[in-house]
Amino acid sequence: MKIAARAAVIAALLAALIAHPLPAGASEDAPGTTEHTIAMGGWDRPYLLHVPPGRLREPLPLIVALHGGLNDADYVRKQSGLDEVADRGGYAVAYPDGFLGTWNAGACCSFARWAGIDDVGFLDKLIDTLAEQGVADPRRVFMTGFSNGGGMAYRYACERSGRLAGIAVVSGALAIGCTPEKPVSVLAFHGTLDPSVPYTGGGNMDADVHFPFIAVQIVMEFWRWVDKLPALSWPVPGGPDGCVGTGPGPLAVALCTKQGGGHEWPDYASGLMARFFAARPSLPKT
């Protein structure tokens with residue numbers, strides 16, 4: 001698509017969103033899953049919020065779950081099964097929607113990247129809103145994402161490391177230069193035969209971005225180096241064969257590799273990430 005035509009399409013879509021904002025949903029205190037919006041520069045960005053039943057009034061640890069490219073909040077909600085995990089573990093889960101099904105994760109992906117969408121700013125405001133409303137504990141905010149959403153979780157950890165107690169990435173790529181201000185605990189899930197995010201790297205990060213994917217092992221070594229941790233050689237508690245990490249401690253980096261696996265959310269991933277998050281300490285008081 002030529003630049004002028006692409007810009008016209010994006011402008012028309014933005015105008016439609018401004019003219020017809022999505023309606024605000026029910027109270028954030030309501031248990032179950034409810035629809036909400038956040039105003040961002042004159043247009044409303046939607047998200048789903050799941051609050052476990054029987055919740056007391058104190059703020060909850062929050063998982064922000066980001067959908068894959070050309071999907072939406074409800075898709076990753078059903079794909080991940082995080083509602084059930086959150087109900088068992090006492091988490092709130094926010095499922096925001098990307099711009100036209102995409103997140104601006106750096107070198108990926110298309111619509112959000114072309115439009116220069118400030119998804120880091122959107123996630124800032126989402127977390128701030130839920131903390132101000134007493135839903136989320138700002139010292140226990142975690143982020144996960146699938147595919148393009150996983151890349152966005154990496155980007156947020158790179159640029160807002162001080163706001164996250166940990167992240168879990170499923171079939172996602174680090175698609176941006178990364179200089180986190182503080183260490184970040186990272187859990188990743190990948191299949192060795194993933195055609196979209198190649199396990200050994202290579203290919204192109206987007207249709208018009210001729211920059212190769214970084215090999216999964218190199219990405220994990222990067223986070224291990226940032227966190228100043230030993231090699232990934234310890235079995236991950238509760239994980240299947242193929243899950244190795246840096247061992248016990250407040251900081252951890254771990255990788256679950258599925259031999260022959262594709263571009264998928266493993267059925268054990270959500271339960272394992274909830275246990276991984278629960279083992280991470282709260283952020284320091286500010």
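These are my notebook entries on a predicted model of one chain.

**Ground rules.** I number residues from 1 along each chain as its sequence is written. Local features need pLDDT of at least 70, side-chain atom pairs count only at pLDDT 80 or more, totals for chains, interfaces and linings use all residues, and side-chain values use heavy atoms, with hydrogens and water left out.

**Whole chain.** I found 8 helices and 10 strands; helices (H or I, at least four residues) and strands (E, at least two) are DSSP runs, numbered from the N terminus. Of the 286 residues, 54% are buried, meaning under 20% relative accessible area with a 1.4 Å probe, protein chains only. I noted an accessible surface of about 12300 Å², 60% of it on carbon and sulfur atoms (Shrake-Rupley method, 1.4 Å probe).

**H5 and H6.** I looked up helix H5 (residues 119–132) and helix H6 (residues 148–159), whose axes come within 10 Å and cross at roughly 80 degrees. That makes H5 roughly perpendicular to H6 (65 to 115 degrees). The axes are lines fitted to C-alpha atoms over the stretch in contact, with angles from 0 to 180 degrees between N-to-C directions. In H5, Asp-119, Val-120, Leu-123, Asp-124 and Ile-127 meet Met-152, Arg-155, Tyr-156 and Glu-159 of H6 (contact: heavy atoms within 4.5 Å). I sorted the residues of this contact into 5 nonpolar, no polar and 4 charged; Asp, Glu, Lys and Arg count as charged, Ala, Val, Leu, Ile, Met, Phe, Trp, Tyr, Cys and Pro as nonpolar, and the others, Gly among them, as polar.

**Ser-110.** I placed Ser-110 in helix H4 (residues 110–114). Ser-110 is buried, at 16% relative accessible area. Leaving aside residues up to four places away in sequence, Ser-110 touches Thr-102 and Asp-206.

Note on methods
Buried < 20%, exposed > 50% of the residue type's maximum accessible area, 1.4 Å probe, protein only. Parallel < 35°, antiparallel > 145°, perpendicular 65-115°, else oblique.
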